[in-house]
Amino acid sequence: SVIPTDAGTRSEPESVLESVLELPVASSVGSFLNQEMIKGSQPDLLAEDDGTGPRVVATSSIQSGQVIAELTKATSEEELDEAGSRKLERGDLLVTMDGEGSIGKAAVFDDDYAAIPDSHVAILRVGDDDLAFALACFLNSSFGQAQFMLATSGSTGQTQVSRGDLLAIRVPEAVRTNAGAISEKLRTELRVFENPIKRVRREICRGAAQVSALL
């Protein structure tokens with residue numbers, strides 16, 4: 001989303017939020033869901049991680065609008081069995097709800113490995129992959145992020161957004177009606193985007209290769 005040109009005359013993020021609230025047709029995040037938002041307890045993590053078995057999607061696992069498998073953490077089969085509805089399904093929209101500097105990151109779980117989220121990550125199920133990607137795109141936009149900033153509260157000593165605040169975030173109805181086109185564009189961009197983890201690893205490998213060549 002693009003911030004209106006006159007937004008510079010007002011303070012951010014209030015001016016961005018005003019632009020959303022002034023839209024003629026808008027609804028809430030909660031209206032997109034086909035079941036209750038899911039947010040559970042913290043699963044036990046395994047000290048030793050061989051890269052196999054069930055995974056935990058943590059706040060740090062969500063980067064650049066994606067769930068990065070390499071940044072998930074190991075958990076036990078027992079935790080997965082007890083997770084119930086918290087077992088991630090392909091098409092689940094994940095949103096981080098607390099942690100300084102990490103609130104409001106959104107990504108669609110688009111993989112096939114067994115996983116559950118940790119206690120800082122909420123599951124939003126909309127029942128439609130295109131709609132999930134379109135909503136993730138909006139939540140990561142300037143309009144979405146401005147609303148997260150205004151909803152956060154540090155009164156408990158940890159910055160967080162409440163369940164009610166997340167579900168009340170205003171979303172233009174055009175996101176719903178244009179979900180197919182938005183989803184297609186976002187998925188195309190994500191397929192060609194090189195996330196920071198892969199970029200850093202590539203540069204490290206390149207540097208090591210250059211050192212080897214010099215030696």
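Let's start with a helix pair: α3 (residues 129–139) packs against α7 (residues 179–192) at an angle of about 70°, and their axes lie 8 Å apart. Here axes are lines fitted to C-alpha atoms, for helices over the stretch in contact, and angles run from 0 to 180 degrees between N-to-C directions. Helices are DSSP runs of H or I with at least four residues, strands are runs of E with at least two, and both are numbered from the N terminus. α3 and α7 are therefore roughly perpendicular to each other (65 to 115 degrees; under 35 is roughly parallel, over 145 roughly antiparallel, and the rest oblique).

This is a predicted model, in which local features need pLDDT of at least 70, side-chain atom pairs count only at pLDDT 80 or more, and totals for chains, interfaces and linings use all residues. Residues are numbered from 1 along each chain as its sequence is written, and side-chain values use heavy atoms, with hydrogens and water left out.

Who touches whom in that helix pair? On the α3 side the contact (heavy atoms within 4.5 Å) includes Phe 133 and Cys 137, and on the α7 side Ile 182, Leu 186 and Leu 190 are among the residues involved. By class, the contact residues are eight nonpolar, two polar and three charged. Nonpolar covers Ala, Val, Leu, Ile, Met, Phe, Trp, Tyr, Cys and Pro, charged covers Asp, Glu, Lys and Arg, and the others, Gly among them, count as polar.

α7 turns up again in the largest pocket, where α7 gives the most to the lining, with three residues. β4 (66–67) also gives two or more. Of the 16 lining residues, those closest to the centre are Gln 66, Val 67, Asp 110, Asp 111 and Leu 190. The lining has seven nonpolar, three polar and six charged residues.

Now for the sheets. One is open, with three strands in the order β5-β2-β8 and mixed pairing. β5 (73–74) and β8 (115–117) are at its edges with a single partner strand each, so one side of each is left without a neighbour in the sheet. Strand β2 (residues 55–57) runs antiparallel to β5, joined by two bridges, and Arg 55 has Ala 74 as its bridge partner in β5. Two strands pair if DSSP finds at least two bridges between them.

Another open sheet has three strands in the order β7-β6-β9, with antiparallel pairing. The twist averages 25° from one strand to the next. Four bridges link β6 (residues 93–96) to β9, and Leu 94 sits opposite Ile 123 in β9.

Methods: On a 1 Å grid over the protein atoms alone, a cavity is a set of points where a 1.4 Å probe fits but cannot get out, and a pocket is an open set with protein on both sides within 12 Å along at least five of seven lines; lining residues have an atom within 4 Å of a point.
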